[in-house]
Amino acid sequence: MGFGWSKNNKNILQDEEGRPFGKEAEFTINGKTQSVSGQDILPTMPLVNFIRERTNLMGTKFMCREGVCGACIVSVTSIHPATGKPNTFAVNSCLIPVLACHGWSISTVEDLGSRTLGYHKIIKRLAAANGSQCGYCSPGMVMNMYSLLEKNPKMTMKDVENSFGGNICRCTGYRPILDAFKSFTSDCSASLQTKLADMEDLMDESKYCSKEKYHANKRTPKPYVNRLQFDLKEGGTFWFRPDQLKEVFQILDMIGIKHYRFISGNTGQGIYHIRIEPEVYIDLNAVPELHAVSTTPEGISMGASVNLTEAMEFFYKMAYEQPAKFEYLKALADHFDMIANIPVRNTGTLGGNLYMKHSNHDFSSDIFILLEMVNAELVIADFYGEKITVGLLDFLKTDMNRKIIITILLPNLDNRTYYVRTFKIMPRAQSAHNYVNAGFMCKMDKKSYNILEKPNLVFGGIKPDFIHAKNTEEYLTGKTLIDPNVLKEALNILELELEPDHILPDASPEYRKGLALSLFYKFVLSVAPDKVKKDYQSGGPLLERPVSQSKQTFDTESSVWPLSRPVPKIESIIQCSGEARYANDLPNIPGQLWAQLILADRGGAVIIKVDTEEALKIEGVVAFYKAEDIPGVNDYYPATMILVKDDRELLTGFKWQLDLSCFKFVFPCRAIT
């Protein structure tokens, strides 16, 4: 296999084995094949833009463009590059470049029904539960739930409550939304199912549905040529999609000093936006070696492109099947559950997270903290294919130019001697950056609680160059961890070591130092709860929130129904199905203009003169309007309402008045005597 720049832009890679290269990214949206060449779009075009602009499917919304709000969620079925098995999952379409969707089968909310075809039960139940107010977030909620059920039809109510941290609703309140989705769970109460079934009956489907009930289309990805190569319309910008690890090395060698970017989940855009547009994009989603997971005599080997969801599932599996060596992985998996949210974890990769930490040392990476805590190692290869194995701290010092993380190595840890705990304190349970995160690992005699070797006390959120509490680690070596005097001295040493920086919007240094000390204290309390005074025992375990319960009642008398009978609002069904149209769903019209407020840079400044001559020369600028150009009073108050008490007016009961002095319409209102 050899690579080289060709003389023309139509053949960038030369393949000595004769295997074909795809010239277009191909995928399906709701069963319809879409083909995109590099000449059609910008390499950074996200999937949500393609869905809305090229297929005119407006049910997929957008807002934050950082993978937090969930308005853009769609469902994807793809073939796993290492196992060859199909997998269905939710993704934030605002983060995924459309060129990286090659081979995907994508379903938007329109694939789950309409007024003419009937609606999927998820749509109907969310509407019936009054789970939609403005409705802008509802299609994303529906698609997240659809993806969850496709993957796990037997999910529980607890699973539902833990699966919507990436869906923000600003007006409905989550009680009715959770009620609707809990009705699909395996442990749902019969009363909730009956309640929502009754509510669905109130919606007369004959008004907007065909007689045939809608059933979801299960999309199976079609076989595609995995390898892609094409130049993009910007000129001098290239996109590669290799399907072998050796091709990645050859591409890195071939491009020389050109600025490049690896593409996988691309979820890092939610934290750090691209500062410099790369000349070369290398899509790693088709390389099996980077997605492989295996056990070795020394531990576990995970490809750098393994996503966080897959890593969590594997960690739980190994902790259950081989607790003697991998019980500690449960603590890591539990911590992963606090990172971002499910759609982000479905595509965000272990290697991508570590690359962000490498490029931005101030990034308080949970993945980095956890891997450093358990003495994990990274296998890194350069463009010659030469490999080195380094620890996480050495990784931060390694020049990663034209190098790639191949695998992450996790050790065996004997559960008879190792004790592992992790913590993360943040504003909310998911989709939030931490104030402080920490990981503690001690090898000790679990009878005497003597520490047998230097422990790992690792912190994030203190300052970029503070990772290990080295002085405290040295002090604890050989000590009895649960000795009150040892604990007291360890806390004193740790307090001296902790010197948090203060960079807004971070919490205050004093607060973060207090958190770090408290987390270490909590760790010690959890080591031997039976040795701790009863008054302090509750400080050791993490608080576990039970499944929430809710109840909604309506003050109504059934004897007078349908008068005062509670029913879902009429438009909720088209909001949940994505059929409702909002202002930014409407197409532009010819000659449409956009207005922009122009504000002074300095508050309190006195504007003496506004010179618009140069501004009006700019292409596309049509006019400039000052406050003086707007007639009437410059305010946003609603029109005034006047109550009239006049015998003649009482005869009609209404009065119109137009106050020209302030250019306000005074609307009619009923006279009150």
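This is a predicted model: local features need pLDDT of at least 70, side-chain atom pairs count only at pLDDT 80 or more; totals for chains, interfaces and linings use all residues.
Biologist: How far is the charged end of Lys479 from the centre of the ring of Tyr475?

Modeller: The charged end of Lys479 sits over the ring of Tyr475. Its distance from the ring centre is 4.5 Å.

Biologist: How many residues apart in sequence are the parts that Phe27 and Phe50 tie together?

Modeller: The structure holds 18 aromatic pairs. One of them joins Phe27 and Phe50 edge-to-face, with 5.5 Å centre to centre and 70° between the planes. Phe27 belongs to strand E1 (residues 25-29) and Phe50 to helix H1 (residues 47-54), so the parts tied together are separated in sequence by 23 residues.

Biologist: Is Tyr419 buried or exposed?

Modeller: Tyr419 forms a tilted aromatic pair with Phe523, at 5.9 Å centre to centre and 45° between the planes. Tyr419 lies in strand E17 and Phe523 in helix H18, so the pair links parts 104 residues apart in sequence. Buried means under 20% relative accessible area. Because its relative accessible area is 16%, Tyr419 is buried.

Biologist: How many of the eight residues of helix H11 are buried?

Modeller: Helix H11 spans residues 329-336 and is mostly covered. Its buried residues are Leu329, Ala331, Leu332, Ala333, His335 and Phe336.

Terms used
Residues are numbered from 1 along each chain as its sequence is written. Side-chain values use heavy atoms; hydrogens and water are left out. Buried means under 20% relative accessible area, exposed over 50%, partly exposed in between (1.4 Å probe, protein chains only). Helices (H or I, at least four residues) and strands (E, at least two) are DSSP runs, numbered from the N terminus. Rings of Phe, Tyr and Trp (its six-membered ring) pair if their centres lie within 6.5 Å; planes under 30 degrees apart count as stacked, over 60 as edge-to-face and the rest as tilted. A charge sits over a ring if NZ of Lys or CZ of Arg is within 6 Å of the ring centre and within 35 degrees of the ring normal.
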